[in-house]
Amino acid sequence: MLRVKKDSLTLQDQSYYFEGELFSGAAYALLDGVRQEVSEFKNGKAIGEFCDNYFRGTEVISIIDDSELEGERYEDEEPFLYRQQRFYGLAYTFDGDFCVGEALYDDGCVLKEVSWYKSGKIGFYESYVDGIGEYGTWYDCGGRKSIKLSEQSSFRLEADLTEEEKLSRLSIYGNYFDRALALKNKIAFPFIEQKLDVKRYDMADGLYLSGDGVDDLLFENLISAKGFQGVCKLHVYNTSLTTKSITGLIDKGNLKEFIIEDDKHDLSGAAKEFKASCPGCYIELNREELEY
């Protein structure tokens with residue numbers, strides 16, 4: 001949704017325009033750096049108050065333009081002050097007429113933050129509340145680019161996707177799948193919540209997997225997915241995969257390169273069996289090329 005300052009709109013024939021077009025989106029009205037209202041428009045007509053869902057359930061008193069804050073915003077100089085007091089509330093970031101960001105502050109420190117492209121499509125989201133961390137980026141076309149989810153002393157998940165929304169990297173450490181469903185309502189942009197969910201994704205031609213949370217069951221779902229057929233290069237690094245997964249990969253997909261790094265499991269026998277079945281595939285085990 002397009003987000004602009006209300007005073008950038010022009011009124012003509014009882015309809016509001018932005019840059020010569022009937023305006024649809026959110027318009028922010030501010031006075032002396034303090035938000036007065038945010039209205040939603042459709043085809044040039046105001047249809048009511050605009051309510052953002054990014055920080056739902058949050059009660060705030062102060063809502064301001066972040067240029068009113070005291071501190072170097074882009075140098076993360078916390079705590080931030082407003083009128084010589086640590087700031088509690090929401091602060092908007094503007095780039096000219098466009099609202100391109102919003103952040104929630106508590107005691108002068110950022111708890112949650114979101115940014116948008118000028119088109120209004122989300123570009124970035126970050127939150128760290130009650131020991132739960134969430135970080136995400138998006139391409140300007142709207143597709144997800146990267147995901148990071150974590151819970152203190154429990155798990156960490158990281159993933160990267162291409163512009164075509166193909167999975168190119170998945171790293172899982174700890175007990176993510178034991179906690180994912182319980183934390184569902186605390187995650188603004190959920191990713192996979194069960195091991196079966198990886199089947200929803202196509203895979204990039206190069207796929208990187210790492211972490212002890214990548215186990216045989218997750219791998220079985222991944223390689224049985226239709227989207228795995230496009231993987232040409234596979235790199236697994238210190239996962240929980242056993243010989244069962246390595247040999248189970250035979251005749252799955254169209255691998256041309258398979259790199260295995262693992263200092264906890266003896267996967268040499270399975271790797272040699274894979275090489276014997278797929279002699280044309282380059283295979284490297286712990287930085288040594290396997291010969292047929």
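**View 1. Asn 238 sits in strand S20.** Helices (H or I, at least four residues) and strands (E, at least two) are DSSP runs, numbered from the N terminus. This is a predicted model, in which local features need pLDDT of at least 70 and side-chain atom pairs count only at pLDDT 80 or more, while totals for chains, interfaces and linings use all residues. Residues are numbered from 1 along each chain as its sequence is written, and side-chain values use heavy atoms, with hydrogens and water left out. Asn 238 is not a glycine, yet has a positive phi of about 45°. Most residues other than glycine have a negative phi. With 21% relative accessibility, Asn 238 counts as partly exposed; the classes are buried under 20% relative accessible area, exposed over 50%, and partly exposed in between (1.4 Å probe, protein chains only).

**View 2. Asp 130 lies in the loop between strand S14 (122–129) and strand S15 (132–138).** Here is another positive phi in a residue that is not a glycine, at about 55°. Is Asp 130 buried or exposed? Its relative accessible area is 72%, so Asp 130 is exposed.

**View 3. Strands S2, S3 and S4 form an open sheet, in that order, with antiparallel pairing.** Strand S2 (10–12) and strand S4 (21–22) are at the edges; each has a single partner strand, so one side of each is left without a neighbour in the sheet. Two strands are taken as paired if DSSP finds at least two bridges between them. Between S2 and strand S3 (residues 15–18) there are three bridges, in the antiparallel sense. Look for Gln 12, whose bridge partner in S3 is Ser 15.

**View 4. Strand S5 (residues 25–31) is largely enclosed by the rest of the structure, because five of its seven residues are buried.** Strand S1 (residues 3–5) pairs with S5 in the parallel sense over three bridges, and Lys 5 stands opposite Tyr 28 in S5. S5 also pairs with strand S6 (residues 34–42), this time in the antiparallel sense over seven bridges. Tyr 28 has Val 38 as its bridge partner in S6. S5 and S6 form a hairpin with two residues between them, and Asp 32 in the turn has a positive phi of about 55°.

**View 5. The largest nonpolar core has 47 residues.** A nonpolar core is a set of buried Ala, Val, Leu, Ile, Met, Phe, Trp, Tyr and Cys residues joined through side-chain atoms within 4.5 Å. Which residues have the most contacts inside the largest core? They are Leu 170, Phe 191, Leu 234 and Phe 258. Leu 170 touches Phe 191, Val 198, Tyr 208, Val 214 and Leu 218, among others, when residues up to four places away in sequence are not counted; contact means heavy atoms within 4.5 Å. A second, separate core has 18 residues, including Tyr 28, Val 38, Phe 94 and Cys 99.

**View 6. Helix H2 (residues 216–224) has buried residues Asp 216, Leu 218, Phe 219, Asn 221, Leu 222 and Ile 223.** These buried residues pack against strand S18 (167–174), helix H1 (176–179), strand S19 (203–211), strand S20 (233–239) and helix H3 (243–248).

**View 7. The largest cavity holds about 80 Å³ of space.** A cavity is a set of points on a 1 Å grid over the protein atoms alone where a 1.4 Å probe fits but cannot get out, and lining residues have an atom within 4 Å of a point. Grid points are joined across faces, edges and corners, and the volume is the space filled by probe spheres set on the points. One cavity of 30 Å³ or more is counted. The lining of the largest cavity includes Leu 149, Phe 155, Tyr 176, Lys 184, Phe 191 and Glu 193. It divides into nine nonpolar, no polar and three charged residues, where Ala, Val, Leu, Ile, Met, Phe, Trp, Tyr, Cys and Pro count as nonpolar, Asp, Glu, Lys and Arg as charged, and the others, Gly among them, as polar.

**View 8. Glu 193 lies in the loop between H1 and S19.** Glu 193 counts as buried, at 14% relative accessibility. Leaving out residues up to four places away in sequence, Glu 193 touches Tyr 176, Phe 177, Ala 180, Leu 181 and Lys 184.

How values were computed. 1 Å grid on protein atoms, 1.4 Å probe; cavity = no way out; pocket = protein on both sides within 12 Å on 5 of 7 lines; lining within 4 Å.
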